[in-house]
Amino acid sequence: MNHLDATDIKLLKLLQENSNRTVKELASLVNLSPTPVFERIKQLEKNGYIKKYMAILCNEKLNKGFVVFCQIRLKYHSLECRTQFMNVIAGINEITECYNISGEYDFLLKICAQSMRHYKDFVLNILGVEESIGSLHSIFVMEEVKQSYSVPF
């Protein structure tokens, strides 16, 4: 953060709120002309502060509203087992997030499915056949109370 000035931080906040804003709109909101704002944004992207731009879709409207957090314990704590698991997980579309965590479990997955039946099939036919997994624990989301993709400033 020591390379960012107040204008950079304001631009990041504005882009988090709505990345669809034009450079002209952003420029008026930070009291600069469009050219320096465009250059700042390109620099923020180049330096990795902005990873990507995307649309946030509605899981329920797309029939993927059954959300599950799944805690995974690996069979073995070896580099080979961990690498095998991560390579497999990277290619599974239903898994939208994966975190290597500390504590009783090794990984936390966020899975979006159509229903309990689809999740059961997913566990039996996809996760259940992965040899690196020792055990798993599922937590079913009853209601989404807060969802934010923003980084707090």
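Let me start with a term: a residue is buried under 20% relative accessible area, exposed over 50%, and partly exposed in between, with a 1.4 Å probe and protein chains only. By that rule tyrosine 119 is buried, at a relative accessible area of 3%.

Now, the ground rules. This is a predicted model, where local features need pLDDT of at least 70, side-chain atom pairs count only at pLDDT 80 or more, and totals for chains, interfaces and linings use all residues. Residues are numbered from 1 along each chain as its sequence is written, and side-chain values use heavy atoms, with hydrogens and water left out.

Back to tyrosine 119. Aromatic pairs next. Rings of Phe, Tyr and Trp (its six-membered ring) pair if their centres lie within 6.5 Å; planes under 30 degrees apart are stacked, over 60 edge-to-face, the rest tilted. The structure has four such pairs. In one of them, tyrosine 119 meets phenylalanine 140, with ring centres 5.7 Å apart and planes at 90 degrees, so this pair is edge-to-face. Tyrosine 119 belongs to helix α5 (residues 116-127) and phenylalanine 140 to strand β4 (residues 133-140), so the pair ties together parts 21 residues apart in sequence. Helices (H or I, at least four residues) and strands (E, at least two) are DSSP runs, numbered from the N terminus. Phenylalanine 140 is partly exposed, at 36%. Phe66, Tyr119, Phe122 and Phe140 form one aromatic cluster.

On to helix α4, residues 79-90. What span should its twelve residues have? The expected span is 1.5 Å times one less than the number of residues. That gives 16 Å, and the end C-alpha atoms are 16 Å apart, so the two agree. Its buried residues are Cys81, Phe85 and Ile89. They cover an arc of only 60 degrees around the axis, which puts them on the same side of α4. That arc is taken from the directions from the helix axis to the C-beta atoms. Leu79, Glu80, Asn87 and Ala90 are exposed on the other side.

Last, the cysteines. How many disulfides does the structure have? A search of the whole structure finds zero, where a disulfide is a pair of cysteine sulfur atoms within 2.5 Å. For cysteine 70, the nearest cysteine sulfur is that of cysteine 98, 10 Å away. Cysteine 70 is buried, at 0%. The sulfur of cysteine 112 is 11 Å from the closest one, in cysteine 58, too far for a bond. Cysteine 112 is buried too, at 9%.
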